[in-house]
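Notebook open, model on the screen.

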Amino acid sequence: MTATTSAQTASSLAWARRRHSVARFWRSYRTHRAGLFGLGALALIALVALAAPLLVGSDVQSVTDAPGSALEPPSGEFPLGTDQFGRSLLGLLIWGARISLTVGLMAAALSVAIGTLVGIVAGHFGGWLSTVVMRITDWFLVMPTLVLAIVLATVMSRSVWTVILAIGVTSWPTTARLVRAQTLAVESRPYIERATALGGGHGHIMTRHVLPNVMPLVLAQTTLGISNAILTEATLAFLGLGDPDVVSWGGMLQDAREAGAVSSGHWWYLAPPGIAIAIVALAFTLCGRAVESVLNPKLGVSAR
C-alpha cells in the first residue's frame, strides 16, 4: 500500500511539474507579439481547413460540374474568380489548405524524427560511428535539398506520400547537427555519469536523460521546418511532381501556369495560392522564432 501511494504521489508531482512548465512556457510565449500573430493565423487557417467539407464541400474539385465559366474575374458569386475549368478559386483555396498543411506537418515531423535519431546516436556513441554518421550528414547537408527532393519525387510514384517522403528524407541534416551538439553538451553533465555508474544502459541514457533535454530544440526546429516543407511541397507541385488527384496550393499555381495566367494577365488565378503559401510560411516562421526564443537557455528562460 505504501509503495502504491508513493508511486501515485510521484506521478502527481510529475504531472504538476509538467503543468507548471506549460504554464511558464505560455506566459513567456505571450510576450512575443509576432509569435501570437503567427499562432492566431495558423489557428484560423487550420480551422478553415478542417471545416472545408462543411464550407465548400468536396464537389468543388469536380471539373465536369464546375459552376462557373473559365477564368472569370472576382465577383459577388466567385469572390476570388474561377480557374480554367470554371471552378471557384475560393473553394479550391480552402480545400487545398488541407493538403498543404498536412504535407508540411508530416514532412517536417519525419525530417525532425530522422534528424533527432541520427543526432542523438552520433552524439551518444561517438568514435568511428559518429564520424561515419556525420560524414553522411555532411554529404546530405551540402547537396541542395530541393534537387534531392525533385529526384526522389521523379523516380517514385506521384502521390502525397511520395512528396512527404521526398521532403522528409532530404531535409534532416540541419536538425541532426543541432541535436548532436546538444547531446554532447547534455552528456558532459555529472548526472549522466551517475546514471551510467548505476548501471544505466545506452537506451536508458538516450531516452530518459538525453531526449527530454533536446526536446525543446526539436520542438523549435519542427516549427521552423514546417514552413520550409510547405514551400518545398508547393515547389514540387508547381513543377508537376505533386499528386495530380488532389488540390494543393502548389498545384493551383501549376494549373495557373499551364493555363497561361501569367501571360494573359489573369492575376486572380495566381495571387490567392501564392499569398496563402506566403502567409502560412510566415506564420510558422514567427511561431518557430518565438518558441526558439522562449526555450533558448541563453535568453534566460529555462528549457525544462
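Before any angles, I noted how axes are drawn: they are lines fitted to C-alpha atoms, for helices over the stretch in contact, and angles run from 0 to 180 degrees between N-to-C directions. Helices here are DSSP runs (H or I, at least four residues), numbered from the N terminus.

Housekeeping next. This is a predicted model, where local features need pLDDT of at least 70 and side-chain atom pairs count only at pLDDT 80 or more, while totals for chains, interfaces and linings use all residues. Residues are numbered from 1 along each chain as its sequence is written, and side-chain values use heavy atoms, with hydrogens and water left out.

**Entry 1: α8 on α10**

I looked up helix α8 (residues 173-187) against helix α10 (residues 202-238): their axes come within 10 Å and cross at roughly 135°. That makes α8 and α10 oblique to each other (under 35 degrees is roughly parallel, over 145 roughly antiparallel, 65 to 115 roughly perpendicular, and the rest oblique). The crossing of α8 with α10 is right-handed, meaning that the near helix is turned clockwise from the far one by less than a right angle.

Then I went through the contact itself (heavy atoms within 4.5 Å). On the α8 side I listed Thr-174, Thr-175, Leu-178, Val-179, Gln-182, Thr-183, Val-186 and Glu-187. Across from them, α10 brings Ile-205, His-209, Val-210, Asn-213, Val-214, Leu-217, Val-218 and Gln-221. By type, the contact of α8 with α10 has eight nonpolar residues, seven polar and one charged. For the sorting, Ala, Val, Leu, Ile, Met, Phe, Trp, Tyr, Cys and Pro are nonpolar, Asp, Glu, Lys and Arg are charged, and the others, Gly among them, are polar.

**Entry 2: Thr-175**

Is Thr-175 buried or exposed? This α8 residue is buried, with a relative accessible area of 3% (buried is under 20%, exposed over 50%, partly exposed in between, with a 1.4 Å probe and protein chains only). Ignoring neighbours within four places in sequence, Thr-175 touches Val-112, Gly-115, Thr-116 and Gln-221.

**Entry 3: α4 on α10**

Helix α4 (residues 89-125) also packs on α10, at an angle of about 145° and with the axes 7 Å apart. I logged this crossing of α4 and α10 as right-handed too. The residues in this contact of α4 with α10 come out as 18 nonpolar, eight polar and one charged.

**Entry 4: salt bridges**

How many salt bridges turn up in the whole structure? The search gave four, counting a side-chain nitrogen of Lys or Arg within 4 Å of a carboxyl oxygen of Asp or Glu.

I started with Asp-138 and Arg-135, which pair at 2.8 Å, N to O. Both sit in helix α5 (residues 127-142), three residues apart, about one turn of the helix. Asp-138 is partly exposed at 22%, and Arg-135 is partly exposed at 47%.

Asp-138 also pairs with Arg-177, at 2.6 Å, N to O. Arg-177 is in α8 and Asp-138 in α5, so this pair ties together parts that are 39 residues apart in sequence. Arg-177 is partly exposed at 33%. I wrote down Arg-135, Asp-138 and Arg-177 as a salt-bridge network.

Last, Arg-289 bridges to Glu-292, with the closest N and O atoms 3.2 Å apart. The two lie in helix α13 (residues 267-295), three residues apart, about one turn of the helix. Arg-289 is partly exposed at 48%, and Glu-292 is partly exposed at 32%.
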